[in-house]
Amino acid sequence: MTLSGAWLRAASIALAAAPVALAARGDERGVRDTDLRACDAMHDRGNVAEAASCYRGIARRGNAGAQAEAYWMLGDLKAANDNFREAVRLDPEDPELRVRWGYLYLESHQDSEAANLFQEALELDEEHVPALLGMATVLASRFEGKAADLVEQALEERPDQVLGHLLTARMALEEGDLSSGREALKQALSRVRELGTVPLETYALLASLEMLEGTRDNEWVTKALEYNQRYGQVYAEQAHFYVITRRYREATERLRKAVRTAPNLWRAHAELGVNLLREGREREGREHLEIAYGGDPYSAKTVNTLRLLDSSDQFETFEDRDPADPGKVSALFKLDKDESALLLPFVRSLTRRAVAEFSRKYDFALKEPVRIELYPNHDDFAVRTMAMPGIGLLGVTFGYVVAMDSPSGREPGGFHWGTTLWHELAHVFTLEATDHLVPRWYSEGISMYEEWMADPRWGESIGPEYVEAVRKGDLLPLAELDRGFIRPKHPGQVAISYMQAGFVCRFIADRWGEPKLVDLLRGFAQDKTTPANLKAVLGMSTDEIDEHFEEYMLEVLGPAADGLPRWRESLKEALEAARGRDWPAAVEPARRAKAAYPQHVGSGSAYVLLARALDEGGDRAAAIEELLEYERRGGRMPETLKKLGRWLEEAGRADAAVHTYEGLIYNWPQDEDLHARLGELYLGSGRTEAAKQAFDAVLAMDPLDRATAEYNLARAYVKLGNLARAREHVLQALERAPTFRPALQLLLQVQR
Amino acid sequence: MVACLTFGNDRLPAATHFLLVEGLGGTQQYAERFRNQVERMSEALRSTVGDERLVTVLAGGNATSAGIGTAFERLATSMQPGDALAVLLVGHGTHDGSGYKFNIPGPDISGSQLKHWLDGVPAARQLVVSTTSSSGGMLEALKAPHRVVITATKSGRERNATIFGEFFAEAFGEAGADTNRNEAISALEAFQYAERKVKGHYADRQRLATEHPQLQGDRADAFLLARLAEGAALAESEDTRALLEQREGLEGRIAELTLRKDSMEPSEYLEALEELLLDMAEIQRQISEATEADPTP
């Protein structure tokens, strides 16, 4: 996920009062002296008043390090911070102090500062176990693959510990690897019993494990609450695993229990608020966010989400009704007021098309209106979707709620909103048809597959990173594919996993037929695991499917994989010729590059280069064919496609030009000229209703030349036979431009 | 023909005098850019007003404080009380926290100096355009009931070199800027065109805009800056002059009607508007007939 700007603004706020609910303690997170342990014992049993009195005593008389810990537990993070600073000044060589200080920063939502302190501790002692675990905690919270390596190192250094096993268990459970999670928790529980340490975190993860296995209110929840009746974190922990598996309704139920059990568990209030927003319940979500803000005003999550809610005046919501049942709202669109007039018709028609197609194909009728939110400010979108693993997100689906960037939120060519909306609407079906039990890889795979099926021009193009991964055999086994989304080993693995998941679905559809995709979805709805479901539906183990899939991929992309070196070399040669404007010399190498890797339509595409070279050489017809191929394979640069449209118009190929321009609407609709050209072409071919819509789109963009836009709309109304509306628009044109001759001529036709 | 617009009963100046000043470029690239902008605008203005004496261009060694002061003195003595004045400043500007400065050879001129000169000219209406960086810093100083001020930036704090002047000059020959389709470009139309282009320039590059053009004052539409080819031909023709005057009168009546729009019933307004526009269609038909064979409006 790319986060910047607004999201980070609140994170820069200095330390101040914050809750103690998650104050991290214990030897594995740094040394703790005897006096503090006595207070901790009261706190851990829920004896809050006694514990507070005990901590106050230490805050008055302890050394700087102990005072810092005491203030922390009392909720005065500012004093805790000051005391840690003093303690580190007095003893700069002690890594323990820096680790403890790092945890304080973690608690106050400042992960980067925490990581810096853990790093400083490691520089003092590279094998320092609490520092290794602290750093692993930061990385694990960011879903970074390197966390596991650090935990492994920490366990090697000190096998007799709890926290390393807990981190291992948490990461395994997040990846859906329940058996590894269970094993790690067994180790943790055994250590807890041996060492006599506080068992609450272990109980909470065991409670989550059993929940993931099907029993929500299990013995570990009971044990945790018996140990500490105010330990609401046990429910919040369970909710975390529901959220990352996209089971938001269940997460909400757990979070409600968490805040009932521990009303001052501000993080749980914040999470509950955000989760309610994911379900489209804004009023109730705001209530919990405001409670969270009251207790912890320095959480970036809380502050930014409330700020986003405060900006809701800038948005308006439109209802769409089911044509077959006009009493029923089928969709809700939340759009920025400045662009709603332009976008609504296109967003609405694409949504209707997707819902109709997916309902039929997946044999599932939506039970609630789908709610679609488009954010022109990417930071707002990031705030709306935070806490989701993954990078570079364009859209996110929370069940019936879809949030995504608006096309105006990205630069031209950088974002195809049509394919993103289609992808997210496919998620609505895979999530809701399985009651959110579908594994991540399959939901993403279906969405990618549906993008490709919707229009050959749509969907992610196949980049060299994926081709390389196929060539090197770097794709993940199917049984582990979820890990590529949740905790990638390298930055490119998320994008590769999306592509792989899509190709797996395509492979299944090609080999066994598309209905098997639906059968698999039904299997997931019955909570089957990936191996069990694939075996039942396709009759093969995941290992066997991996083997066949590898063959399939080599068949599809093998030539491109082999051709990558030739593609790079030829493209370089063609680009050098183009730089020197030696267009004839660019033609052959560009052709070679294209032949070596025909799927490449990203930046530096051979098709675009070849088209330019051919056109400069006077062969416009051949240049058009190259750009048509570029377009068919998913080329997206608006300027290039616009040029193709113009060339097609000039060549008298109006239908092809319309096809190209219509495709551009789903790519970069903020182009007056595009809609005006489409309007003219529609008028010329008798598609008058479409012409009217195109000219409506021009007007929705508040054009500088409003007179012409009104006049064009009047022309469309004349052809539709609606002379009253034609008169209205022609008068509006002439009100601005009284001497506008074509409009005056039209007025003579439509005058009363 | 002298630039002259009639607008209902509100008679506008008999003649508009133009003063263009080309400031220092600093680099060759900017010097060329500013020269091109001034040439483009001055050519269009001369062609539009039809009287070279009404257009003064100061550049290079003439664009000093003394040179500009002399030009203002001359204008103060030659202009009639009903005349209008348009001053266009092209180049770089700065703002030192206390006031705007236009960069020229020798000492720069300040916003308050410019105000002093403008106040000394007996013009019924004035237009000041500054396409420079920091130009918004003079808006407050130049505020006056009879004065329209156009700047490239919203304040003196927008200090980066601007692109506004490029688009403002482009508007002088751009049919796309003629939003009221009268074959002529007014100061309002040039501003709106350039403002839109500036916005697009930064948005297309996904860059934060470092200039926000401003227009202060009323009736910027009354300052004619350029005639497009067809408009220029019509203006020069003896056959169409009377018809053009009729057309201008009708335009004034339509403008008056639109001012009363909010106080009228919508249907009543539309009927009145339609009636005037049908008269306009007839005049346009006669103009077409007089200039070519095509008798359409």
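Student: Why is the pair B:Arg196 and A:Glu672 called a salt bridge?

Tutor: Their closest N and O atoms are 3.9 Å apart. A salt bridge needs a side-chain nitrogen of Lys or Arg within 4 Å of a carboxyl oxygen of Asp or Glu, so the pair qualifies. The model is predicted: local features need pLDDT of at least 70, side-chain atom pairs count only at pLDDT 80 or more, while totals for chains, interfaces and linings use all residues. Residues are numbered from 1 along each chain as its sequence is written, chains are lettered from A and ligands numbered from 1 in the order written, and side-chain values use heavy atoms, without hydrogens and water.

Student: How many salt bridges cross the interface of chain B and chain A?

Tutor: The rule finds 4 there. Residue pairs in polar contact between the two chains number 9, both residues at pLDDT 80 or more. A polar contact is a pair of N or O atoms within 3.5 Å; within protein, one must be able to donate a hydrogen and the other to accept it, and sequence neighbours count only through side-chain atoms on both sides.

Student: Which helices of chain B supply at least two residues each to the side that touches chain A?

Tutor: They are α6 (187-204), α7 (229-236), α8 (238-259) and α9 (266-291). The largest share, 12 residues, comes from α9(B). Helices (H or I, at least four residues) and strands (E, at least two) are DSSP runs, numbered from the N terminus.

Student: What makes up the contact, and how much area do chain B and chain A bury?

Tutor: Chain B gives 32 residues and chain A gives 27. Contact means heavy atoms within 4.5 Å. About 2,500 Å² is buried between the chains, 57% of it on carbon and sulfur atoms. That is the accessible area (1.4 Å probe) lost on being put together, summed over both parts.

Student: Why is the pair A:Phe358 and A:Phe429 called edge-to-face?

Tutor: The ring centres are 5.7 Å apart and the planes stand at 65 degrees. Rings of Phe, Tyr and Trp (its six-membered ring) pair with centres within 6.5 Å; planes under 30 degrees apart are stacked, over 60 edge-to-face, the rest tilted. Both values pass, so the pair is edge-to-face. A:Phe358 is in helix α19 (residues 340-361) and A:Phe429 in helix α21 (residues 417-433), 71 residues apart. Both residues are buried. They belong to a ring cluster that also includes A:Tyr362, A:Phe364, A:Trp417, A:Trp422, A:Trp458 and A:Tyr666. Over all chains, the search finds 30 aromatic pairs.

Student: What places the charged end of A:Arg45 over the ring of A:Tyr227?

Tutor: Its distance from the ring centre is 3.7 Å. The rule asks for NZ of Lys or CZ of Arg within 6 Å of the centre and within 35 degrees of the ring normal. A:Arg511 lies over the face of A:Trp512, at 5.1 Å from the ring centre.

Student: What does the salt bridge of A:Arg256 and A:Glu284 tie together?

Tutor: Their N to O distance is 2.7 Å. A:Arg256 lies in helix α15 (residues 248-261) and A:Glu284 in helix α17 (residues 282-295), so the bridge ties parts 28 residues apart in sequence.

Student: Is A:Glu284 buried or exposed?

Tutor: Buried: its relative accessible area is 18%. The class means under 20%, with exposed over 50% and partly exposed in between (1.4 Å probe, protein chains only). A:Arg256, at 23%, is partly exposed.

Student: How do you know that A:Glu514 and A:Lys361 form a salt bridge?

Tutor: The closest N and O atoms are 3.1 Å apart, and the limit is 4 Å. A:Glu514 sits in the loop between α25 (493-512) and α26 (515-525), A:Lys361 in helix α19, 153 residues apart. A:Glu514 is partly exposed at 27%, whereas A:Lys361 is buried at 14%. Over all chains the count comes to 76 salt bridges.

Student: Why is B:Ser130 called buried?

Tutor: Its relative accessibility is 0%, so B:Ser130 falls under the 20% limit. B:Ser130 lies in strand β7 (residues 125-130) of chain B. Its side chain makes a polar contact with the side chain of B:Tyr100 at 3.0 Å.

Key: Buried area is the accessible area (1.4 Å probe) that two parts lose on being put together, summed over both.
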